[in-house]
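Student: Hi! I'm new to this one, could you walk me through it?
Tutor: Happy to. Let's bring it up and start with the ligand.

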Amino acid sequence: MSNEEYFQINRENWNRRTELHLQSDWYRHEAFRQGETSLKEIELEILGDVGGQSILHLQCHFGQDTISLARMGARAVGVDFSDRAIDEARRLADELGVEARFVCCNVYDAASLISERFDRVFVSYGAIGWLPDLQAWARLVAGFLRPGGQLVLVEFHPFIWTFDDDFRELRYDYCSAAPIIEEQQGSYGNPTATAPIRSVGWNHGLGKVVSCALEAGLQLQSLQEFDYSPYACFSHAVEAQPGRFRIEHIAPRIPMVYALTARKLAE
Ligand SMILES: C[S@@+](CC[C@H](N)C(=O)[O-])C[C@H]1O[C@@H](n2cnc3c(N)ncnc32)[C@H](O)[C@@H]1O
């Protein structure tokens with residue numbers, strides 16, 4: 001199958017998941033409407049005061065994080081290829097009276113639709129695993145940053161994607177160019193749905209992520225690993241501390257999230 005066919009499968013996957021996510025309360029819709037931020041402590045600490053900054057948020061889903069950034073005073077642009085998600089993001093921003101721009105396109109096509117440069121590119125939780133070519137992604141990110149601008153990437157750790165869904169055994173390669181084609185019942189945000197959803201993903205190891213950023217001309221500033229996830233989106237996740245989820249039966253703590261920042265030095 002070609003990348004275009006993979007993207008088509010994933011676009012359908014995310015259109016359906018968006019519908020499921022809007023029907024469940026996993027994304028705390030009402031609290032968000034009332035002003036709660038959807039950003040978690042890890043990225044809030046890294047981002048700091050974003051007032052007046054221009055931020056490109058790649059793979060923004062239905063826009064909660066983009067809108068949260070805008071509520072903090074950033075000029076935020078969200079990109080996602082799910083038309084259902086972008087429709088909802090625009091509707092939500094309108095409803096809340098928040099100024100945020102949303103562009104519906106594949107990440108790899110974003111440069112043909114967005115001409116400006118940004119202070120920051122923000123990418124988080126469950127994003128780069130949908131992208132087949134990380135070198136091209138890193139070049140794209142670098143292209144969107146102004147000199148001195150910064151990539152903030154907060155992602156689930158590639159180590160957790162080596163486990164089976166039940167976290168009982170190691171099943172997948174830590175880093176592989178081969179696509180992983182799966183069928184899942186429902187979504188993390190609404191597991192009750194019955195119709196299976198097909199998806200195609202890729203496991204990008206940490207070394208590969210760092211290397212791609214460096215090759216694209218970004219200078220690594222920080223790389224942190226966290227032994228918890230702020231999202232309870234894995235089976236057997238228990239809240240070990242408020243807002244910090246770990247896998248119940250895995251006794252030695254494993255890395256569950258990493259956060260990378262990298263700066264663009266020059267054109
Ligand atoms: C897990 S969600 C990201 C969640 C994100 N942390 C947030 O702000 O809610 C993954 C998103 O990536 C989008 N996506 C996947 N592949 C994409 C691609 N090639 N181009 C653009 N968006 C893509 C999906 O539509 C989906 O909304």
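This is a predicted model: local features need pLDDT of at least 70, side-chain atom pairs count only at pLDDT 80 or more; totals for chains, interfaces and linings use all residues.

Student: Which atoms does D80 bring up to the ligand?
Tutor: An N or O atom in the D80 side chain sits 2.5 Å from an oxygen atom of the ligand. D65 has a side-chain N or O atom 3.3 Å from a ligand oxygen.

Student: And V107, is that backbone or side chain?
Tutor: Backbone: one of V107's backbone N or O atoms is 2.9 Å from a nitrogen atom of the ligand.

Student: How much of the ligand does the protein bury?
Tutor: The protein buries 97% of the 600 Å² that the ligand exposes when taken alone.

Student: Okay, new topic. Where does T261 lie?
Tutor: T261 is part of strand β11, which covers residues 257–264.

Student: Is T261 buried or exposed?
Tutor: Buried, because its relative accessibility is 4% and the cut-off for buried is under 20%.

Student: What does the T261 side chain make a polar contact with?
Tutor: Its partner is the side chain of S222, at 2.5 Å.

Student: Which other residues is T261 in contact with?
Tutor: Setting aside neighbours within four places in sequence, T261 touches several residues besides S222, including I46, Q150, L151, V152 and Q219. L220 and Q221 are also among its contacts.

Terms used: Residues are numbered from 1 along each chain as its sequence is written. Side-chain values use heavy atoms; hydrogens and water are left out. A polar contact is a pair of N or O atoms within 3.5 Å; within protein, one must be able to donate a hydrogen and the other to accept it, and residues adjacent in sequence count only if both atoms are side-chain atoms. Accessible areas come from the Shrake-Rupley method with a 1.4 Å probe; for residues, only the protein chains shown count as cover. Helices (H or I, at least four residues) and strands (E, at least two) are DSSP runs, numbered from the N terminus. Buried means under 20% relative accessible area, exposed over 50%, partly exposed in between (1.4 Å probe, protein chains only). Contact means heavy atoms within 4.5 Å.
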